[in-house]
Amino acid sequence: MQETKTTVITVRDLYKIYKLGDERVRALNGVSFDIYKGEFVAIVGTSGSGKSTLLNMLAGLEKPTRGEIVIAGEHIETYNEQELVRFRRDHIGFIFQAYNLMPTLNAIENTEFPLVFRGISPEVRRKAAIKTLKLVGLSRFMDHKPTEMSGGQQQRVGIARALVVNPEIIFADEPTGNLDSVTTGEVLKLMQGLVHDRKQTLVMVTHDNELASYADRIIRIKDGRKIEDAEQ
Ligand SMILES: Nc1ncnc2c1ncn2[C@@H]1O[C@H](COP(=O)(O)OP(=O)(O)O)[C@@H](O)[C@H]1O
Ligand SMILES: [Mg+2]
């Protein structure tokens, strides 16, 4: 069946130049690409190639020096901090390398956290958190705190927290960087299956070609420039 592609992310001539004293670091040096609805795209490059800088700008966490970022029809490069907060809340889920879970909260409380800022009642929040934790295979760990879970289980909570708001787009920065290779494969397959089933768009950055092999498309960057863009 032939399907028309819907563009969800457009990046045009994106630059990020950091000033360190007299020195200028060109973390991104003119990057352009489009990402389509339902795609799982891996952005791959060695350490220092500009991956995190790029992802943070796509997620509205950092401002580009120059260039355009259009996500879900919104020109986020023109947004102020308040507009970016609203944009992130409405469109984005973010999965961090270091999980960023709150140590004093259990799995349910960590997962429902993004819903607290959306004016959703405690009962509805709790139901949504439980449903999402089941989805990531953590039925038996609902009341466990981060220190009472393995790394893989903690990252599943991180995934549940990103998914609970049912975002159009999920960004993940080296999401399995702290996990062993077996757990990494499990977490990647889980993310891949969930976003395909839910027709979400997943953009993951990694230095690891093995991880990237789970993606539908690989964009390679080197020294802040795109050097390859290929479906697989
Ligand atoms: N806040 C910052 N200030 C100055 N330089 C930075 C900053 N963040 C990143 N850089 C530099 O930008 C380049 C790209 O960094 P980064 O995006 O973190 O790469 P990656 O995630 O691919 O390892 C590196 O040379 C890094 O040192
Ligand atoms: Mg990085």
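Q: Hi! In what sense do β6 and strand β7 pair, and over how many bridges?
A: Hello! In this predicted model, β6 pairs with β7, residues 169–173, in the parallel sense, and four bridges join them.

Q: Which residue of β7 does I95 stand opposite?
A: That would be A172.

Q: What packs on the sheet there, and which strands does helix α5 touch?
A: Helix α5, residues 151–163, packs on the sheet and touches β6 and β7. The direction of α5 makes about 170° with that of β6.

Q: OK, zooming out: what order do the strands of the sheet have?
A: The sheet is open and has six strands, in the order β6-β7-β8-β3-β9-β10, with mixed pairing.

Q: Why is one side of β6 and of β10 left without a neighbour?
A: Because β6 (92–95) and β10 (225–231) stand at the edges, each has a single partner strand.

Q: And how many degrees does the twist average?
A: From one strand to the next, the twist averages 15°.

Q: New topic: what volume does the largest pocket have?
A: About 540 Å³.

Q: Which residues are closest to its centre?
A: Of the 18 residues lining the largest pocket, those are R88, I92, F94, P114 and R118.

Q: Which elements give two or more residues to that lining?
A: They are α2 (81–91), β6, α3 (107–116) and α5.

Q: How do the lining residues divide into nonpolar, polar and charged?
A: The lining of the largest pocket has 12 nonpolar residues, two polar and four charged.

How values were computed: Residues are numbered from 1 along each chain as its sequence is written. Chains are lettered from A and ligands numbered from 1 in the order in which they are written. This is a predicted model: local features need pLDDT of at least 70, side-chain atom pairs count only at pLDDT 80 or more; totals for chains, interfaces and linings use all residues. Side-chain values use heavy atoms; hydrogens and water are left out. Two strands pair if DSSP finds at least two bridges between them. Axes are lines fitted to C-alpha atoms, for helices over the stretch in contact, and angles run from 0 to 180 degrees between N-to-C directions. Contact means heavy atoms within 4.5 Å. On a 1 Å grid over the protein atoms alone, a cavity is a set of points where a 1.4 Å probe fits but cannot get out, and a pocket is an open set with protein on both sides within 12 Å along at least five of seven lines; lining residues have an atom within 4 Å of a point. Grid points are joined across faces, edges and corners, and a volume is the space filled by probe spheres set on the points. Ala, Val, Leu, Ile, Met, Phe, Trp, Tyr, Cys and Pro count as nonpolar, Asp, Glu, Lys and Arg as charged, and the others, Gly among them, as polar.
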